[in-house]
Amino acid sequence: MTRFAAIGLDHRHVYDMTEGLLEAGARCVGYNSDTTDPRVLAGFRKRFPDVPEAPRERLLDDPAIDFIVLSAVPRDRAALAIDAMRRGKDVMSDKPGVTTLDQLAAVQRAVQDTGRIWSVCVGRVASPALQEVLRVVRSGELGQLVQVVSLAPHRLNRALRPPWFFDRSAYGGIINDIGVHSIDQFLALADAAEAGIESSTIGAFGTEPEGFEDFAEFTLSTPSVRGYCRVDWFTPDGLPTWGDGRLFLIGTEGTLELRKNLDIEGRPGSNHMFVASRDRTRHVDCNILPVTYFRDFIAAVRTRDFSALPQEQVFAVCRMALQAQANAKRYVAERRP
């Protein structure tokens with residue numbers, strides 16, 4: 001059985017990664033309790049009471065542990081991943097995997113030197129709905145893909161956020177933090193290794209503390225596909241989910257809409273896909289479909305072949321997110337009395 005350990009318990013995404021791996025057949029044999037957010041640690045202990053606590057160094061040096069799952073403060077993830085790889089461990093990192101281009105270059109060197117896998121768990125790979133969207137696009141039902149529009153609002157949940165969440169140097173900026181999902185989606189749907197960043201904009205439009213990046217939009221392109229992406233922290237508290245995420249695709253012979261988290265005032269639940277093609281319209285409840293990322297990662301630890309999320313694609317997604325973040329035009333709203 002493939003064995004892993006969890007370190008860097010600073011974000012709740014560690015729960016989803018751990019649960020996905022356990023369901024896929026791996027065994028979590030330890031966790032390190034170092035954290036900047038005791039609530040995350042308490043949540044991990046509650047969800048996984050049978051997993052023992054251990055010092056980080058012991059987990060990293062244990063030859064029986066195959067890989068490490070980490071969800072540390074974003075600016076610390078690269079160093080932890082590199083340390084793990086140089087001690088013979090593969091790594092599954094929460095997003096963003098890096099916060100600077102220098103960190104990305106260092107991770108790339110470590111991957112090249114060690115032959116280890118460095119995977120970043122972006123939303124697409126853990127979403128049954130997005131896997132089905134990708135299948136529909138590649139089936140040709142929509143014809144030639146023309147445009148991808150990704151809308152990704154998020155709820156701030158201020159009371160649950162640790163201080164580092166509001167420190168740009170800690171999370172790497174809004175595009176690097178949550179826009180990375182949209183960049184990965186675009187590359188996968190466009191079947192492209194790279195894409196041009198035509199424009200990017202970041203706004204600080206009123207969320208405390210002053211200067212906090214709460215809005216961003218950017219456009220992407222390949223020779224045949226255009227993309228528009230918007231991310232923000234403005235989901236209202238009245239919405240019964242953390243964000244009304246939507247994906248719109250236009251093809252030469254059809255269109256597709258994905259309601260990721262809810263069909264507002266419509267069908268219950270999440271992961272609703274609507275397709276209009278040459279001869280019909282249809283709705284697909286994607287909740288019944290499998291998520292294969294965690295199973296594929298476990299298999300790759302054994303076979304060293306992770307074609308489901310190629311290493312170069314992970315590097316490209318991280319690099320594009322950092323470039324869009326660095327080159328963005330910035331706007332700050334005037335404070336009104």
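**Salt bridges and their surroundings**

Guide: The count of salt bridges comes to 25, where a salt bridge is a side-chain nitrogen of Lys or Arg within 4 Å of a carboxyl oxygen of Asp or Glu. This is a predicted model, in which local features need pLDDT of at least 70 and side-chain atom pairs count only at pLDDT 80 or more, whereas totals for chains, interfaces and linings use all residues. Residues are numbered from 1 along each chain as its sequence is written, and side-chain values use heavy atoms, with hydrogens and water left out. Side chains of opposite charge can pair when their charged atoms come close.

One of these pairs is Glu141 with Arg280, whose closest N and O atoms are 3.9 Å apart. Glu141 belongs to the loop between helix H6 (128-139) and strand E6 (145-153), and Arg280 to the loop between strand E12 (272-276) and strand E13 (281-285), so the bridge ties together parts 139 residues apart in sequence. Helices (H or I, at least four residues) and strands (E, at least two) are DSSP runs, numbered from the N terminus. Glu141 is buried, at a relative accessible area of 15%, while Arg280 is partly exposed at 45%. Here buried means under 20% relative accessible area, exposed over 50%, and partly exposed in between (1.4 Å probe, protein chains only).

The loop between E12 and E13 also holds Arg278, and its partner Glu253 is in the loop between strand E10 (246-251) and strand E11 (255-259), 25 residues apart. The closest N and O atoms of Arg278 and Glu253 are 1.9 Å apart. Arg278 counts as exposed, at 64% relative accessibility, and Glu253 is partly exposed at 35%. Elsewhere, Glu57, Asp61, Asp83 and Arg87 are joined in a network of salt bridges.

A further pair is formed by Glu213 and Arg168, with 2.8 Å between the closest N and O atoms. Glu213 sits in the loop between strand E7 (196-204) and strand E8 (215-221) and Arg168 in helix H7 (residues 168-171), so this bridge ties together parts 45 residues apart in sequence. Glu213 is buried, with a relative accessible area of 3%, whereas Arg168 is partly exposed at 44%.

The loop between E7 and E8 also contains Asp214, which is buried with a relative accessible area of 0%. Apart from neighbours within four places in sequence, the contacts of Asp214 include Ile174, Phe205, Thr207, Val231, Trp233 and Phe234; contact means heavy atoms within 4.5 Å. Pro209 lies in the loop between E7 and E8 as well, and the peptide bond joining Glu208 to Pro209 is cis, with omega about 0°. Another cis bond runs from Lys95 to Pro96, with omega near -15°, and Pro96 is in the loop between strand E4 (90-94) and H5.

Ile174, among the contacts of Asp214, also takes part in helix packing. Two packed helices are described by the angle between their axes and the distance between the axes. The axes of helix H8 (residues 174-190) and helix H10 (residues 311-326) come within 8 Å and cross at roughly 130°, which makes H8 oblique to H10. Axes are lines fitted to C-alpha atoms, for helices over the stretch in contact, and angles run from 0 to 180 degrees between N-to-C directions. Angles under 35 degrees count as roughly parallel, over 145 as roughly antiparallel, 65 to 115 as roughly perpendicular, and the rest as oblique. The crossing of H8 and H10 is right-handed; a crossing is left-handed if the near helix is turned anticlockwise from the far one by less than a right angle, and right-handed if clockwise.

On the H8 side, the residues in contact include Ile174, Val180, Ile183 and Leu187, and they meet residues of H10 including Val317, Met320 and Leu322. By class, the contact of H8 with H10 has 10 nonpolar, three polar and one charged residues. Ala, Val, Leu, Ile, Met, Phe, Trp, Tyr, Cys and Pro count as nonpolar, Asp, Glu, Lys and Arg as charged, and the others, Gly among them, as polar.

In the loop between H8 and E7 is Asp191, a residue other than glycine with a positive phi, near 55°. Asp191 counts as exposed, at 63% relative accessibility.
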